[in-house]
Amino acid sequence: MISRGDYVDSDVCDPVAVVDSVWFRYEEDYVLKNIAFEVLRKDIVVVMGPNGSGKSTLLKILAGILKPQRGEVYICGKNVNEMQSTDLTKYIGFVHQNPWFYIFNLKVYDEISFTLRNLGVNENIIAENVLEIATELDIVDLLDKSPFTLSEGEARRVVIASAVVHKPLLLLMDEPTAGLDYNNKKKFIGIIRRLNKVLGTAIVIATHDIDILAILGEAKIVVMNRGEIVYRGYVGDILSNPKILIENSLSIPVEIEIAKMLGINWRNLENFNNLIAEVGKIKGSLCR
Ligand SMILES: Nc1ncnc2c1ncn2[C@@H]1O[C@H](COP(=O)(O)OP(=O)(O)O)[C@@H](O)[C@H]1O
Ligand SMILES: [Mg+2]
């Protein structure tokens, strides 16, 4: 198996990423305004905000795809402006909002191998690592298929496998749950948690999908609005005090809202089915 130490000279840097007083504009008006943001080793951070608040731009800045007009971004203490793109590839996995955007190989296996081949890894070692990540993501059966025949959920897992096969320190994902139903969102978040634990990869998810809040209660959260960070804390805290979400054109998941109204402990609710079971118990005791 490859180890991260084969690729990056620091396996233990902390923080993994630092965004220091970043300002960014595409045109006249700044869309990121004085952003300060840190990702610690093994963090899972949800960057939440309404459409146009600057989430995707922040992710691209973190990945070194866009360069800020003011301020700096450091990955493992190195200024991204001074890093070679191959170095950025070693440190960072980036999953674009549209899973088809980056897929271009005719076989899933080749798609997942692409980064390792670029890094000059021996084919036997590539095979071991592709199998390892494909097993983790439950896509071994897809390895010989064409990516273009896959369902959206399968394609998303292939893209994630391609982004993490070389064990980057940081995985950046833009709206990864778009187009997934609730059960698939839950499965997907389970995968993210495992990658975070098994690979020790810090994860940043940019999203406006409030369902994620109910599923990822332990994660950190950063709320953005109009290019500024308006809140930072933990998902669990923001669910107890949803004012900040509502003020920023977001809301809390409906099952948590109902649970609160009924006095049910929403912290144990993982999904809507749990809520229905809890409501069933209350109904049972009322009708006795
Ligand atoms: N390529 C671009 N050219 C000009 N403006 C852009 C471009 N991409 C995004 N924007 C603008 O930047 C702002 C932030 O966009 P974005 O980072 O995509 O927000 P989010 O991901 O939160 O929806 C929006 O006002 C959007 O219209
Ligand atoms: Mg976006």
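**View 1. Residues around ligand 1 in the predicted model**. The shell consists of Y26, E27, V31, G49, N51, G52, S53, G54, K55, S56 and T57; a residue is included if its C-beta atom, placed from the backbone, lies within 6 Å of the molecule. By class, 2 of these residues are nonpolar, 7 polar and 2 charged (Ala, Val, Leu, Ile, Met, Phe, Trp, Tyr, Cys and Pro count as nonpolar, Asp, Glu, Lys and Arg as charged, and the others, Gly among them, as polar). Residues are numbered from 1 along each chain as its sequence is written, with chains lettered from A and ligands numbered from 1 in the order in which they are written. Because the model is predicted, local features need pLDDT of at least 70 and side-chain atom pairs count only at pLDDT 80 or more, while totals for chains, interfaces and linings use all residues.

**View 2. The open sheet of 6 strands**. The strand order is β6-β7-β8-β3-β9-β10, with mixed pairing (strands are DSSP runs of E, at least two residues, and helices runs of H or I, at least four, numbered from the N terminus; two strands pair if DSSP finds at least two bridges between them). β6 (92–95) and β10 (228–234) each have a single partner strand, so one side of each lacks a neighbour in the sheet. Strands β3 (residues 44–48) and β9 (residues 220–225) run parallel and are joined by 4 bridges. V45 stands opposite K220 in β9.

**View 3. Helix α1 on the sheet**. Helix α1 (residues 55–62) touches β3, β7 (170–174), β8 (202–207) and β9, contact meaning C-beta atoms, placed from the backbone, within 7 Å. The direction of α1 makes about 150 degrees with that of β8 (axes are lines fitted to C-alpha atoms, for helices over the stretch in contact, and angles run from 0 to 180 degrees between N-to-C directions).

Technical notes:
Two residues are in contact if their C-beta atoms, placed from the backbone, lie within 7 Å.
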